[in-house]
Amino acid sequence: MKKLSEQKWNDFVEVSLLKKAATTWIKNANYFNIYTGEMMEGNIALFEDRIAYVGGKEPKVDESTIVIDAADYTLVPGYIEPHSHPFQIYNPLTWIDYSLSRGTTTMMHDSLLFFLNAPQEQMERFFQDLQDSPVKNFWWARLDSQTPSPELEARVPIQRTLQTLEHPQVIQAGELTAFKRMLDGEPLLRERMFLAYQSGKRIEAHNPGSSVETLNAMMAAGATCCHESITTEEVMRRLRLGLYATLRNSSIRPDLPELLQGLLKLERVPWDRLMMTTDGSPPFFYEQGTVDRLIHIALDCGVPVWEAYRMVTLNPAVYYGLDPDLGGIAPGRVADILFLEDLHHPTPVQVMANGKLVEKDRSAAQIDWSSYGILGVPAADWKAEADWFHVAAREDFPVGEMMNAVIIRQRDETLPVNDGAIDLTDKPDYLYVALLDRAGTWITRGIVKGFGNVEALASTYTVSQDLFVLGRNPEEMAAAANRVMEMGGGICLRENKESLFELPLPLLGGMSEKGMAELIDETSQFLRLLQERGYQHEDPIYSLFFFTAIHLPVIRFTQDGIYSTKQNKILVPSQRLR
Ligand SMILES: Nc1ncnc2[nH]cnc12
């Protein structure tokens, strides 16, 4: 956090001594003391963006002091999202803006999108320019790309990891999804992890299902927190070893209620080592709120009020070493203050960030994304054709069977054949799928079971940044792929020879510039359309995103072909298109 100049610091101390006029006076304040769990009454005096005084006395005022009567409200500190992926259809600006409207005043963001797409200088300039935002934005240094694409991976040289770790806005390293490769001794990952360890910054692990032994090794390597618990036992396993645990409620892992109910059965809950996150869900998931919804859920589960608020304010501030500046309504802290109806309604009526009331209905700033290296999808000089999507027959084809939205198991099957190609006519729950690069030079073809019954769906929204196409009708799959490229990236669902749904994603083929409200409507419609066509998992948007991610088991679609994470090998190779 920025420090005050000596002059400002002196003025600040004078305001706190009640000798110099406050710039803002919040009077009749009923505020929640996050340090003690007490409701307090009194006055809050600000000097510019900071809280100078909290107590029973009235501050000194002058004609320029802004006076806010808070008698009708309960005040709590601004919320902290400790684990944000700011690029899931929304872009960092629209995501930050929406989160702010729901009370989040500090965010820790994944920088993956910049790592993979923007040069270091442009990424750092973006970090810098975002400092004018009312939200305090911090970043993570990504240690692995999750992508099987060697070209993308090559954009994160070791020097870059080091430079990023040294950046003052970068508060942690991780999340390390490739933990197994790191523990197995893969030199590049070991080297990056060592840099993270040496930096002294927090290191976010990503260890689903890991044993005590694996967690031991992760902690020896430097990990300090993990957000991957899906049972109460896994939460406790982390806490017992001394890790912080972040409880997750996301579109693909809406685990929070169960985790909390399990914790509440324990004799003693180490609440101060817990945080909560929404883990970068797509827009439709945020209709009822972001961090504010996490508090709602916690209160509904019977979590004591103090603990529910602490997990998204003081605890993350302490964990990240920011508590002298953030996480409470207290002298010296940044004036991030939420005006609530009462503690049982965590969605704020009014948000104050950096000592200023946030205008309602403000729209996110417009910026020239290209100046930060965030470009569109280049126009295609190729057209997909139906026969690109015919899958050559073979015995025991490794069909990918979706176990949930993102976990795909291998199911070897000999499928019906017509003219040398797999014929799914009598297999309504199966789809042809293909991954091709945006330049139309290679293609990986496969079969997926359990996504539903769609004629054609194409998406540039993928971790590997290629084009993923799936469906039952190769003609229409070609049309959907071509349409998505014509749109300059996005998602297109086709049926009966027309587009049923189109979502242009002009930023890298993965993000929109539209505001959150619009994106909530559009992605809700997409979810509904797919559910009507038999999609039974939680989130088709994450399904599309993660078909190409290699940190999830088992069948993944990559540039080299259909890949098994279990066998660590290509099962069906890709083919050149031209
Ligand atoms: N590992 C991950 N990478 C990118 N986005 C994510 N959203 C949730 N988990 C993610």
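**View 1. Strands β2 and β3 pair in the antiparallel sense.** In this predicted model, strand β2 (residues 38–47) is joined to β3 over 5 bridges; strands are DSSP runs (E, at least two residues), numbered from the N terminus, and two strands pair if DSSP finds at least two bridges between them. A45 stands opposite Y53 in β3. The two strands form a hairpin with 2 residues between them, and E48 in the turn has a positive phi of about 55°. Because 5 of the 6 residues of strand β3 (residues 50–55) are buried, β3 is largely enclosed by the rest of the structure. A residue counts as buried if 20 or more other C-beta atoms, placed from the backbone, lie within 10 Å of its own. In a regular strand the side chains alternate between the two faces of the sheet.

Residues are numbered from 1 along each chain as its sequence is written. As the model is predicted, local features need pLDDT of at least 70 and side-chain atom pairs count only at pLDDT 80 or more, whereas totals for chains, interfaces and linings use all residues.

**View 2. An open sheet is formed by 8 strands with parallel pairing.** The strand order is β6-β7-β8-β9-β10-β11-β12-β13. At the edges stand β6 (79–84) and β13 (274–277), each with a single partner strand, so one side of each is left without a neighbour in the sheet. Within the sheet, 4 bridges join β9 (residues 170–176) to β10 (residues 202–205), and A173 stands opposite I203 in β10.

**View 3. The span of residues 74–358 carries a UniProt annotation.** The unreviewed UniProt entry places the feature "domain: Amidohydrolase-related" here; such annotations may be inferred rather than shown by experiment. The span is 38% helix and 19% strand, and its end C-alpha atoms lie 17 Å apart. Helices are DSSP runs (H or I) of at least four residues.

**View 4. The protein chain contains 17 helices and 30 strands.** Its radius of gyration, taken over C-alpha atoms, is 25 Å, close to the 25 Å that the globule rule gives for 578 residues, so the chain is as compact as a globular protein of that length. The globule rule is 2.2 Å times the number of residues to the power 0.38. Of the 578 residues, 53% count as buried.

How values were computed:
Buried ≥ 20, exposed ≤ 12 C-beta atoms within 10 Å, placed from the backbone.
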